[in-house]
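The following report describes selected side-chain interactions and surface features of one protein model. It is intended to be read alongside the sequence and the coordinates.

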Amino acid sequence: MVQGVWSEHFLVQLEATTRLRKLLSIVEPWPPIGEVIQAGVVPRLVEFLRKHESPQLQNEAAWALNNVAKGTSEQKRVVIMNGAIPLFVQLLASASASVKEQALMALGNFAADSPSFRDLVLDHGALHPLLSQLNKNSTRSVLRAATRTLSNLCRGLSDAQFAQVRSS
C-alpha cells in the first residue's frame, strides 16, 4: 500500500490511497493512524490534494487525511505541518461535492481540537469559502459538514473574535 501511494502511476496511486483510506476508516479496535504516519505517507497524501485534474484522487486523499485528523492533537499536527490546511481551504472551491465535504470535515476536525488549531484554520482564510457552502445548491452532506465546521470555528471565541466571524 505504501509503495503504491509513492508510485508514479495514477491508477496505482488511486488504488493504494483508497485502500489506505479504508484502513483508516476502521474504528474497531482503533484506526492505525500512528502506523500510517510512521509509514511516511502523509506528505504524499497532502501532495495529492493538489491534483485538481483528478477529483477522485483528491477525494480519497482528503478522506484519508480527514481520518488522520480524527486522531490525537499530535497526529493532527503532522497533517498541519505538511501544509494541509491551506489546501483544504482551496478544496472548498472544488466542483466535487465529495471533495468539498472531506475538506470541510478535516477543517472541522482541526478547529475542534484546540483554540490554536481553530485560529490556524481561520488565519488561512477558511471562513468565507466555508460560508459560501451555505447555499441552496449545496448537497445535504456539504451543508451538514459546513454547519459542523462553522460551529467548531465559533467554539471558544472571544467576543472580539466572534464579532469578526459575525461580520462575515
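Arg44 is buried, with a relative accessible area of 5%, where buried stands for under 20% relative accessible area, exposed for over 50% and partly exposed for values in between (1.4 Å probe, protein chains only). Arg44 belongs to helix H4 (residues 42–48) and Glu8 to the loop between helix H1 (2–5) and H2, so the pair ties together parts that are 36 residues apart in sequence. Helices (H or I, at least four residues) and strands (E, at least two) are DSSP runs, numbered from the N terminus.

The model is predicted: local features need pLDDT of at least 70, side-chain atom pairs count only at pLDDT 80 or more, and totals for chains, interfaces and linings use all residues. Residues are numbered from 1 along each chain as its sequence is written, and side-chain values use heavy atoms, with hydrogens and water left out.

**Salt bridges**

By the salt-bridge rule, the count comes to six. Three of the pairs, including the one described above, are listed here.

| Pair | N to O distance | Relative accessible area |
|---|---|---|
| Asp113 and Lys76 | 3.5 Å | Asp113 26%, Lys76 5% |
| Asp119 and Arg118 | 2.9 Å | Asp119 23%, Arg118 3% |

In the pair of Asp119 and Arg118, the side chains meet at 2.9 Å, N to O. Asp119 is partly exposed, with a relative accessible area of 23%, whereas Arg118 counts as buried at 3%. Salt bridges that share partners also join Glu8, Arg44 and Glu47 into one network.

The salt bridge of Asp113 with Lys76 has its closest N and O atoms 3.5 Å apart. This pair links distant parts of the chain, with Asp113 in helix H8 and Lys76 in helix H6, 37 residues apart. Asp113 is partly exposed, with a relative accessible area of 26%.

Helix H6 spans residues 73–81 and contains Lys76. Lys76 is classed as buried because its relative accessible area is 5%. Leaving aside residues up to four places away in sequence, Lys76 touches Ala69, Lys70, Gly71, Asn109, Phe110, Asp113 and Phe117, contact being defined as heavy atoms within 4.5 Å.

Gln75 is also found in helix H6. With a relative accessible area of 18%, Gln75 is buried. The C-alpha atoms of Gln75 and Ile33 are separated by 7.5 Å, although the two residues are 42 residues apart along the chain.

**Aromatic rings**

A pair of aromatic rings is described by the distance of the centres and the angle of the planes. Rings of Phe, Tyr and Trp (its six-membered ring) pair if their centres lie within 6.5 Å; planes under 30 degrees apart count as stacked, over 60 as edge-to-face and the rest as tilted. By this rule the count comes to one aromatic pair. The rings of Phe88 and Phe110 have centres 6.3 Å apart and planes at 50°, so the pair is tilted. Phe88 in helix H7 (residues 84–91) and Phe110 in helix H8 (residues 97–113) are 22 residues apart, and their pair links distant parts of the chain. Phe88 is buried at a relative accessible area of 0%, and Phe110 is buried with a value of 0%.

What sits over the ring of Trp63? The charged end of Arg21 does, 3.9 Å from the ring centre. The criterion is that NZ of Lys or CZ of Arg is within 6 Å of the ring centre and within 35 degrees of the ring normal.

**Exposed positions**

Leu23 is found in helix H2 (residues 10–24) and is partly exposed, with a relative accessible area of 30%. Ala160 lies in helix H12 (residues 159–167) and is exposed, with a relative accessible area of 57%. The C-alpha atoms of Ala160 and Ser114 are separated by 18 Å, the residues being 46 apart along the chain.

Key. Salt bridge = Lys/Arg side-chain N within 4 Å of Asp/Glu carboxyl O.
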